[in-house]
Amino acid sequence: MIGQLLLNGTVSGLLLALPALAVSLTFGILKFPNFAVGGSLTLGAYAGWVFNTQLGFQIVGASLLAAATVALVSVLLDVAVFGRLREQGSIALMVASMGVSLILENLCRFVFGNATRSLDVDVARPLRWAGLRISHEQIVTAAAVLGCLVLLHLVLRTTPLGRAMRAVADNPTLAAARGIEREVIVRLTWAIIGLLTGLAGVLAAIDRAVEPLVGWSYQIPVFAAAILGGLGSPLGAVLGALAVGLSEELATLVVPTSYRQAVSFAVILLLLLVRSQGLLGARAVRK
Amino acid sequence: MTAYLVTILVIVAIATLVGLALNFQWGCAGLVNFGVAGFVALGAYATALLTPVVGWFAAMLAAAALSALLSVFLALLSIRLADDYLAIVTLGFGEAVRLVLLNEGWLTGGALGIAGIPRPFASLIAPEHADFALLGFAVALVGIVYIILEALVRSPFGRVLRALRDDPVVAASLAKPVLILRIKAFAVGGAVMGLAGAMHAFYMTYIDPSQFTAITTSYAFMAVIAGGRGSNTGLMIGAGTIMLLLEGTRFLKDLIPALDGAQIAALRLGGVGVGIVLLLLLRPQGLLREPQRKAASLLADPERADAADPSLPASHPQEI
Amino acid sequence: MALPILNRRHLVAGLGLAPFAIRSVEGAAAQGAEIPLGFVIPFTGATGPYGPDMKKAADLATKTINDAGGILGGRKLKLFIEDEETSATASVTATRKLLEVDRVEMVGGFWGSPPALAAKPLIVGANKVQMVSAAAPAITEGDTKNLVYRFQAKSTQWGPAGAKILKDLGVKKVAVLAQQNPFIVAMVEPFKAEMAKRDGTVTDVVMYNPDQASYRAEVQKAFGPEPEAVFVLALLTDMVAIAKEIYRGGFRSKVLALGTGADADGAFLKSVSPEVAEGIHHLQPAPPLNSISYKKFVKSMGAPDGTVFLFAGNMYDQVCVTALAMEHAKSTEALVWAKSIRAVCNPPGDEADDIAVALERVRLGHDINYIGAGATCDFNDQGDQLNRSFLHQVIEGGKNRIIDVVS
């Protein structure tokens, strides 16, 4: 029983990991809490649906195309909205992202309507192993997310782009002084964020369904995970996501299911009290 | 038509109260509250449960007190945390409140809520004038709160808060007194949110959990920003702006020829999002008097590059 | 980008006020011939999926009546439709706008109970008729001034029907998996009571909140102990997610669900694959499936034969009943024609299920008993519908198969 919960929790956490990463990156490099993540997830889900069921791509191809679509939209949003607001401070950006989330969600609703849809993915009976039920979706999700994380880690740690992104995150002025073109880095960061959320949207759609509210329901756990991990730390976001996922599943052992989300927040609080900068965040002066 | 406008004005008044509270917590004291909906809900439910027992006035006081108390509790919880983790604590609080409201039916009526909430002065007013009377009550309340908060902001208490908000080094060296001031500021904001909840309960006379969701918190932040953050006067215009967007789009959609119902709804809500974004984009350059708050200061970062001069909120009316 | 002359407040003020101005002018002129009817229907939020069909049905009824010459000497009906947003606050502003600006004589729709409950005092206070499709018992309680009518089976009726069906399926022990939603929550206790009466037991009640990111944990909790059956009380979007979880988890317990989730006017079958849906039983209030009028309704809605319309059918009926009552009372004033509702809907009278025919009969002074597209439409003194029987179906091979009708 516990084993099953651990498995379910890990996969739930992995589902949250990509959007949590996106939020962490936005915060670290773009310096504001991005509330458009919900709308972007929804967009990713619908993009995946279009490529998969309407244009006939297999799910893998459809997810990549969906990820690319959201990446493109994210960059466009930066050009049209976020880029122009960069000098206005993070709060303006935050509120703008709330507006953008509303726009993205309702754009999907406008074009596709309210109906709940599904991707053209075979649903299968689970594998049984050591008393656990492991569904195919869980395997696919885990593989996709872990693959993404490894890729992202490599990009951040070994490529010039990654180094530039980290430089901008740590000290934009110094980075500029060293010739790192901030605008370009920012656009590329948005593209990466878009790729992550787009893929996550498709995974969410496989897990649940394609409908206008699918992204919205992830928004709060995603933020909780990102903040728990220490905003600005990608690995922290992943750990935070796993912590949220696991605590939400394991909570059912001790509290009625309808309160399990509250438990995950309690766990977050405890973790933050123990480690006040978030799991991996760097904190200095506390006011 | 007037009754409809009265409805809208009452809702704007309630939104203004929430905005005033948020502006005090965040604009003045630099405390981020993502659980706004939870505090308002507390005030509303406290009012709903207590008014039949102790009368509306005592119930309102209780609502404010309860909200303030929980604000203190949350602020204390986050004392050990890097300062702005208040955000996640309040977020969790908002969620916890929502869950309790939904699941503890014996107390809150659960998903079905509480109906038949009596209004203040109900027995003295003819039913036709009930809404007008409530509007008057709401406006009076907003006026009183506005005056009190303005006084607080200009007081030594307020000045210290604003100074501390912008200079973390000084704040760190002062430690304990700072924390107490912050907690007080958070509690004041919480109390006002409780009052807003009470007004909401009186107006709707029926409350249920669906009235206090995360979108409420979003609308509150939007209202504060739309008005020009830091200005209490501006915030009333901001609250009115959001309301105009929400309600004005009802009429716009009536002008559009037959579209699918979901499409019309999507246009409307999407229109609110577009409205907000346009508002932010078309902001005239250079008219901003409030301090530039970067993400850095929103969610604790040691490098507080150029904290601009803190303006005295509302004593310099902006863009009117 | 920055317009120095036009600051953002001017822009918004302009955007916001223009439509008000236009409507005020319009409002004055349009009152002459058309009869305004208001509807509050969900298009966004968790109950959003049900809205579009509801609007379609209301539009269909209106068009049918207007094409047949309208009522009261050729006057046409005009619908004003607002979004319920699955929110009581939105319902209040929407209702106010309908009452005060559009000047409607009735406000119908109301899928959700909180929106219905929040709007009720406004509508009744304005002496207009409220017609709902929501299930909370509180809606028709208290002094409704004979103005509130429910076009839906009360929550308290759904539960016992479920218990009966489970008994028929030979199930003795059942777990409940339910959403914290006013429509659903009120079903649980009557269900448990009825199960007890029939020597059955409810082993566990697992509640979940709406708008969750995942329902895996709840499905695990309810299905993990491998009960004989699980009574799943869900709406469409969560039903889709839950059904997939059940399948992916390899759980074998029998599933009895609500039609709101497992059918939703055919939407469920479009959202999941046949393997996932296979074997799911569900129940919902039964429309008069065999009436010619209902079959015509299904066709006009563009749906395949045999589709069971629940909320959409209720919308159709709300419009038709309003038209019939107004024609019968020869008045558009709510307090007057409300008295005619039972006259045209309840027996005795010629059974009439075609609205154009029914209207004719009423004009000629005959007594009629309207049979609607959603139900037989007979109302008791409190405004609740009588004779709501439930349709028990099972999904086989990607299609619904009717098992029986339970009352």
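In chain C of this predicted model, Pro348(C) sits in the loop between helix H15 (341-345) and strand E11 (350-352). The bond that joins Pro347(C) to Pro348(C) is a cis peptide, with omega at about 0°. Most peptide bonds are trans, and most residues other than glycine have a negative phi. Asp199(C) belongs to the loop between helix H6 (182-197) and strand E7 of chain C. Is Asp199(C) buried or exposed? With 8 C-beta neighbours inside 10 Å, Asp199(C) counts as exposed, because the limit for that class is 12 or fewer.

Chain C contains an open sheet of five strands. The strand order is E2-E1-E3-E4-E5, and the pairing is parallel. Strands E2 (77-83) and E5 (148-150) stand at the edges. Each has a single partner strand, so one side of each is left without a neighbour in the sheet. From one strand to the next, the twist averages 20°. Strand E4 (residues 129-132) and E5(C) run parallel and are joined by three bridges. Within this pair, Met131(C) has Tyr149(C) of E5(C) as its bridge partner. Helix H13 (residues 311-329) of chain C lies across strands E1 (35-41), E2, E3 (106-109) and E4. The helix runs at about 160° to E3(C).

Antiparallel pairing occurs elsewhere in chain C, between strand E13 (residues 390-396) and strand E14 (residues 399-406). Seven bridges connect these two strands. Ile395(C) is bridged to Asn400(C) in E14(C). E13(C) and E14(C) form a hairpin, with two residues between them. In the turn, Gly397(C) has a positive phi of about 60°.

Chain C also touches chain A. The contact takes 36 residues from chain C and 32 residues from chain A. On the chain C side, at least two residues each come from helix H2 (51-67), strand E7 (201-208), helix H7 (216-223), helix H8 (236-248), helix H10 (267-271) and helix H11 (274-277). Which of these elements gives the most? H8(C) does, with seven residues. By residue class, the side of chain C that touches chain A divides into 17 nonpolar, 12 polar and seven charged.

In chain A, mean pLDDT is 85, and 95% of the residues reach 70 or more. Confidence is highest in helix H2(A), at a mean of 93. It is lowest in helix H7 (residues 172-177) of chain A, at a mean of 74. Over residues 283-287 of chain A, pLDDT stays under 50. The model has 17 contacts beyond four places in sequence for that stretch. Where pLDDT is low, the predicted coordinates should not be read in detail.

Helix H2 of chain A spans residues 37-54, 18 residues in total. From first C-alpha to last, the helix reaches 25 Å, close to the 26 Å expected at 1.5 Å a residue. Of its 18 residues, 15 are buried, so H2(A) is largely enclosed by the rest of the structure. Just after H2(A), Gly56(A) takes a positive phi of about 80°.

Lys31(A) lies in the loop between helix H1 (2-30) and H2 of chain A. Lys31(A) has a positive phi of about 65°, although it is not a glycine. Is Lys31(A) buried or exposed? Lys31(A) counts as buried, because 22 C-beta neighbours lie inside 10 Å.

Ile206(A) is part of helix H8 (residues 182-207) of chain A. Ile206(A) has 25 C-beta neighbours inside 10 Å and therefore counts as buried. Neighbours within four places in sequence aside, Ile206(A) is in contact with Leu119(A), Val121(A) and Glu137(A). Asp122(A) is 84 residues from Ile206(A) in sequence. In space, their C-alpha atoms are 9.9 Å apart.

Chain B has 13 helices and two strands. Of its 320 residues, 62% count as buried. Among contacts in chain B with a separation of 6 or more, 76% are between residues 24 or more positions apart.

Definitions and conventions:
Residues numbered from 1 in each chain as written. Chains lettered and ligands numbered in written order. Predicted model: local features only at pLDDT ≥ 70, side-chain atom pairs only at ≥ 80, totals over all residues. Contact = placed C-beta atoms within 7 Å. Helix = DSSP H or I, 4+ residues; strand = E, 2+ residues; numbered from the N terminus. Nonpolar A, V, L, I, M, F, W, Y, C, P; charged D, E, K, R; others polar. Buried ≥ 20, exposed ≤ 12 C-beta atoms within 10 Å, placed from the backbone. Expected span 1.5 Å × (residues − 1). Pairing = 2+ DSSP bridges. pLDDT = per-residue confidence, 0-100. Axes fitted to C-alpha atoms, helices over the stretch in contact; angles between N-to-C directions.
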